[in-house]
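Please look at the sequence and the structure before reading on.

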Amino acid sequence: MGATPTETAHKRWIDYGFGTELKSGKAWAFFFGRLALGFLFLWSAYGKIQTEMSGRLATADFLRKSVSGPFTGFFNSLSGNLAVEYLLVYGEFLIGVALIFGIFTRVASVSGMLMMLLFTIALWPIADTPTANPLVDFRVIYAVMFLGFFFLRPGRFLGGDGFLLKSKFVNSRPSLKALVSKLG
């Protein structure tokens, strides 16, 4: 006996959203990790956009006053640069959006790892107090999460990457399917 059209449509929607990992703890853990990290990046970008709307550059004070370590001169020279401002602020915003919606998560992961690497270099050494851990801080944790996102592709579970890969439009075009598979 065949399923009714409503059951078939329901199963298809569940397959699009969850795939075969509906009961997988790993998939749910990375889903919530993806949402949490995406929210952190959106919140940070929101604060910087508010600063820009008030007429100031969000990165100018940070690059001029907060950086430390061997690359202080380099990062100080970037202060006030509009390209750096827009790359940071809108990069954070786009990374957050990509993680929240699960779209092109591999691109967001690489971008996030690069951003965390640059933040860590700018604030080197990361142990700014005597009791701070000299090797691991929140930026390192975020970078490790991004590394996990790159390899495990959490956007395929309840994310746009999974919906795109299972859509008839993408599946009927092999080159588009390969591109979406690599990016997400």
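Is the crossing of α5 and α6 left-handed or right-handed? The crossing of these two helices is left-handed. The model is a predicted one.

## Helices α5 and α6

Helix α5 covers residues 82–101 and helix α6 covers residues 105–122. Their axes come within 9 Å and cross at roughly 140°. The two helices are therefore oblique to each other; to count as roughly antiparallel, the angle would have to be over 145 degrees.

On the α5 side, the contact is made by Leu-87, Leu-88, Gly-91, Glu-92, Ile-95, Ala-98 and Leu-99. On the α6 side, Thr-105, Ala-108, Ser-111, Gly-112, Met-115 and Phe-119 take part. Sorted by class, this contact has eight nonpolar, four polar and one charged residues.

## Nonpolar cores

The largest nonpolar core has 13 residues. Those with the most contacts inside this core are Leu-37, Phe-41, Ile-95, Leu-99, Met-115, Met-116 and Phe-146. At least two residues of the core come from each of α2 (25–53), α5, α6 and α7 (138–152). A second, separate core has five residues, among them Leu-63, Val-67, Leu-78 and Ala-122. In soluble globular proteins, nonpolar side chains tend to be buried together.

Phe-41 belongs to the group with the most contacts inside the largest core. Leaving aside neighbours within four places in sequence, Phe-41 is in contact with Glu-92, Ile-95, Gly-96, Met-115, Met-116 and Phe-146.

## Met-113 in helix α6

Met-113 lies in helix α6. Is Met-113 buried or partly exposed? With a relative accessible area of 22%, Met-113 is partly exposed, because buried means under 20%.

Apart from neighbours within four places in sequence, Met-113 is in contact with Ala-143, Phe-146, Leu-147 and Phe-150. The C-alpha atoms of Met-113 and Met-145 are separated by 8.8 Å, and these two residues are 32 residues apart along the chain.

## Helices α6 and α10

Helix α6 also packs with helix α10, residues 174–183. The axes of α6 and α10 are 6 Å apart, and the angle is about 35°. Which residues make this contact? Thr-105, Arg-106 and Val-107 of α6 meet Ser-181, Lys-182 and Leu-183 of α10. By class, there are two nonpolar, two polar and two charged residues in the contact of α6 with α10.

Key:
Residues numbered from 1 in each chain as written. Predicted model: local features only at pLDDT ≥ 70, side-chain atom pairs only at ≥ 80, totals over all residues. Heavy atoms only, no water. Axes fitted to C-alpha atoms, helices over the stretch in contact; angles between N-to-C directions. Helix = DSSP H or I, 4+ residues; strand = E, 2+ residues; numbered from the N terminus. Parallel < 35°, antiparallel > 145°, perpendicular 65-115°, else oblique. Left-handed = near helix turned anticlockwise from the far one by under 90°. Contact = heavy atoms within 4.5 Å. Nonpolar A, V, L, I, M, F, W, Y, C, P; charged D, E, K, R; others polar. Core = buried A, V, L, I, M, F, W, Y, C linked by side-chain atoms within 4.5 Å. Buried < 20%, exposed > 50% of the residue type's maximum accessible area, 1.4 Å probe, protein only.
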